[in-house]
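Dear colleague,

Please find below the structure for your review. My notes on what was found in it follow directly after.

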Amino acid sequence: MASTVDSAAEQLSKLGIDGAFADSAPNLKKNLHLLSSEQVELAKMLMEMGQSHLFEKWAAPGVDDNEKRAFFDQVAKLNSSYPGGLKSYIKTARELLADSKAGKNPFDGFTPSVPTGEVLKFGDDTFINYEQAGVKEAKNAAFVLVAGGLGERLGYNGIKVALPAETTTGTCFLQNYIECILALQESSCRLAEVSNLAISNVNASVYEEVSTFMLLSSNNIYLKFVGKCQEIPFAIMTSDDTHSRTQELLESNSYFGMKPTQVKLLKQEKVACLDDNDARLAMDPKNKYRIQTKPHGHGDVHALLYSSGLLKEWHDAGLKWVLFFQDTNGLLFKAIPASLGVSATKQYHVNSLAVPRKAKEAIGGITRLTHADGRSMVINVEYNQLDPLLRATGFPDGDVNCETGYSPFPGNINQLILELGPYMEELKKTGGAIKEFVNPKYKDASKTSFKSSTRLECMMQDYPKTLPPSAKVGFTVMDTWLAYAPVKNNPEDAAKAGAQVDEPVQEVFNGQEVEVWPRLTWKPKWGLTFSEIKNKVSGSCSVSQKSTMVIEGHNVILEDLSLNGALIIDSVDDAEVRVGGKVQNKGWTLEPVDHKDTSVPEEIRIRGFKINKLEQLEKSYSEPGKFSLKP
């Protein structure tokens with residue numbers, strides 16, 4: 001039997017590694033005979049890339065052998081999950097670390113300007129037309145949720161998509177997203193079916209069932225089969241931290257009404273940490289046989305969609321759009337229909353959803369950057385970079401508000417709509433790799449060592465950085481209260497839908513002063529667009545500040561309703577319920593809770609209040625038919 005030394009020498013010979021090169025990692029040399037041929041190839045790659053330090057503390061053969069093999073299992077995973085492999089990762093890291101140390105400005109040579117986009121005003125004719133166009137296009141779309149994060153920063157130890165999107169009903173973010181997609185799916189399908197119906201010289205009414213239309217006339221009954229509604233695919237990017245818990249949340253809730261086959265989970269892998277400016281891979285401080293890893297950023301979603309084959313599958317199915325959104329923006333789907341309508345109408349390859357942004361506000365601005373050599377791109381520029389960039393390129397006042405009272409550079413909210421065809425063509429060239437950045441925390445001004453390990457990162461919204469100048473990249477701006485955060489609302493916009501809503505009152509929860517409005521919630525199937533909601537509110541409706549209303553039915557019509565209390569309506573889809581008159585009771589109140597009180601669930605503590613249900617009018621309609629509720 002060959003000795004260990006002979007085995008090592010034979011391995012070195014096969015790899016073309018000379019003795020001097022191998023001697024730089026003597027402990028690896030001693031253990032080569034333990035490794036498979038694939039693992040030896042990985043070892044060679046690591047040595048060539050200056051990573052011999054990884055083997056400095058390896059034990060002699062016969063000690064920790066399984067851990068050594070596990071080390072190369074991890075290396076293989078890191079290598080296969082990164083476009084171009086670890087070699088490319090280390091090479092890119094060295095370039096970016098050198099730029100960082102030198103203080104190189106990534107925007108050198110670029111001049112900023114305001115890109116082309118669409119600014120929408122809620123409820124006007126343009127807004128309504130775009131919403132209609134977006135609903136029509138929704139059946140040709142796929143949705144992608146980036147959900148790799150936990151809620152620890154918020155004081156919540158679970159996955160963020162399990163948090164309540166609102167406290168009135170406790171509906172979690174994931175349920176809300178799925179119900180919104182299903183509502184869009186149904187509305188888009190209904191539009192398509194109605195437009196496909198050819199009714200000639202027949203005075204007909206239409207009765208719709210799941211996949212059949214019945215046309216009734218004075219002489220004949222016609223049945224027309226139009227096929228099942230096209231299902232909208234839903235992909236979720238998870239991580240090691242969130243994958244199993246996301247799967248469990250879906251399965252334990254029967255996918256919140258969505259077919260399991262519509263949902264695909266794609267798990268994001270982490271990337272290797274870097275110890276210094278030479279991009280030496282960092283070891284796990286608790287395990288000498290493991291490389292330290294950290295998340296790479298949500299930009300990985302593009303590579304995952306490409307490598308999984310999902311994009312091709314969607315393209316082959318005739319889909320045209322991919323919509324990306326993040327895990328805790330409960331208002332987003334109020335803006336999706338009109339934004340998708342803008343993409344379809346303007347034929348944008350990339351459409352970034354945005355909100356009005358005050359100059360120097362701590363939110364990135366969507367900006368066109370034009371280089372001296374003619375290159376240009378429309379991307380997000382972080383707020384702390386935008387102002388100095390403007391000042392350095394001929395705008396002495398920097399980022400300032402224009403005549404609208406806002407910065408001309410709209411605020412990026414990291415929600416994207418991409419046209420699938422051009423998106424696939426671009427990813428064929430890049431493999432889904434997104435321009436990366438590195439953000440090391442240096443110990444001192446010499447920038448020679450780090451306070452802690454760093455890593456390369458990438459962001460989903462940086463996809464346009466590699467696009468050619470011919471790409472049509474734009475944005476759609478919506479009011480903040482509608483599209484991004486429930487910070488502000490206003491009675492005028494509520495009145496457009498036919499309701500008078502009282503002004504808020506100021507209250508303090510968890511030490512923060514907030515505006516408390518009436519609590520009005522409804523299932524997405526009741527109304528996902530302005531037009532749908534307006535058609536279900538008529539007469540003179542009013543809602544007091546202390547009121548709560550929950551609508552969980554599809555065909556609930558509000559007519560001259562005066563609400564001063566709590567009202568909960570639940571109905572099956574085939575029940576039409578008309579609600580009016582005066583509803584008055586003690587209602588539901590908000591009570592402060594101490595965020596340090598561990599007897600209160602985390603998701604309640606982080607909001608700072610709980611709901612005390614004193615009194616409500618609650619009605620449920622479980623049978624089809626027409627009903628009236630007028631107390």
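The largest nonpolar core contains 55 residues, and Phe143, Leu145, Leu174, Phe234 and Phe333 have the most contacts inside it. Helix H8 (residues 173–196) supplies the largest share of this core, namely eight residues. A second, separate core is made up of 37 residues, among them Trp58, Ile90, Ala272 and Leu281. In soluble globular proteins, nonpolar side chains tend to be buried together.

Please note that this is a predicted model. The mean pLDDT of the chain is 89, with 89% of its residues at 70 or more. Two stretches call for caution. Over residues 198–227 the pLDDT stays under 50, and the model has 48 contacts beyond four places in sequence for this stretch. For residues 486–491 the pLDDT is likewise below 50, with 10 contacts in the model beyond near neighbours in sequence. Where pLDDT is low, the predicted coordinates should not be read in detail.

Beyond its neighbours within four places in sequence, Phe234 is in contact with Phe143, Leu145, Leu174, Ile178, Ile181, Met258, Gln262, Val263, Lys264 and Phe325.

Helix H4 (residues 37–48) packs against helix H5 (residues 65–81) at an angle of about 70°, and their axes are 10 Å apart. Angles of 65 to 115 degrees count as roughly perpendicular, and H4 and H5 are therefore roughly perpendicular to each other. From H4, the contact involves Gln39, Leu42, Ala43, Met45 and Leu46; from H5, it involves Arg69, Phe71, Phe72, Asp73, Val75, Ala76 and Asn79. By class, eight residues of this contact between H4 and H5 are nonpolar, two are polar and two are charged.

Gln39, which lies in H4, has a relative accessible area of 11% and is buried, the cut-off for buried being under 20%. Apart from neighbours within four places in sequence, Gln39 is in contact with Leu34, Arg69, Phe72 and Asp73.

H5 also packs against helix H6 (residues 85–102), at an angle of about 75° and with the axes 6 Å apart. H5 is thus roughly perpendicular to H6. Here Val75, Leu78 and Asn79 of H5 meet Gly85, Leu86 and Lys87 of H6. The residues of this contact between H5 and H6 comprise three nonpolar, two polar and one charged.

With kind regards

Key. Residues numbered from 1 in each chain as written. Predicted model: local features only at pLDDT ≥ 70, side-chain atom pairs only at ≥ 80, totals over all residues. Heavy atoms only, no water. pLDDT = per-residue confidence, 0-100. Contact = heavy atoms within 4.5 Å. Axes fitted to C-alpha atoms, helices over the stretch in contact; angles between N-to-C directions. Helix = DSSP H or I, 4+ residues; strand = E, 2+ residues; numbered from the N terminus. Parallel < 35°, antiparallel > 145°, perpendicular 65-115°, else oblique. Nonpolar A, V, L, I, M, F, W, Y, C, P; charged D, E, K, R; others polar. Core = buried A, V, L, I, M, F, W, Y, C linked by side-chain atoms within 4.5 Å. Buried < 20%, exposed > 50% of the residue type's maximum accessible area, 1.4 Å probe, protein only.
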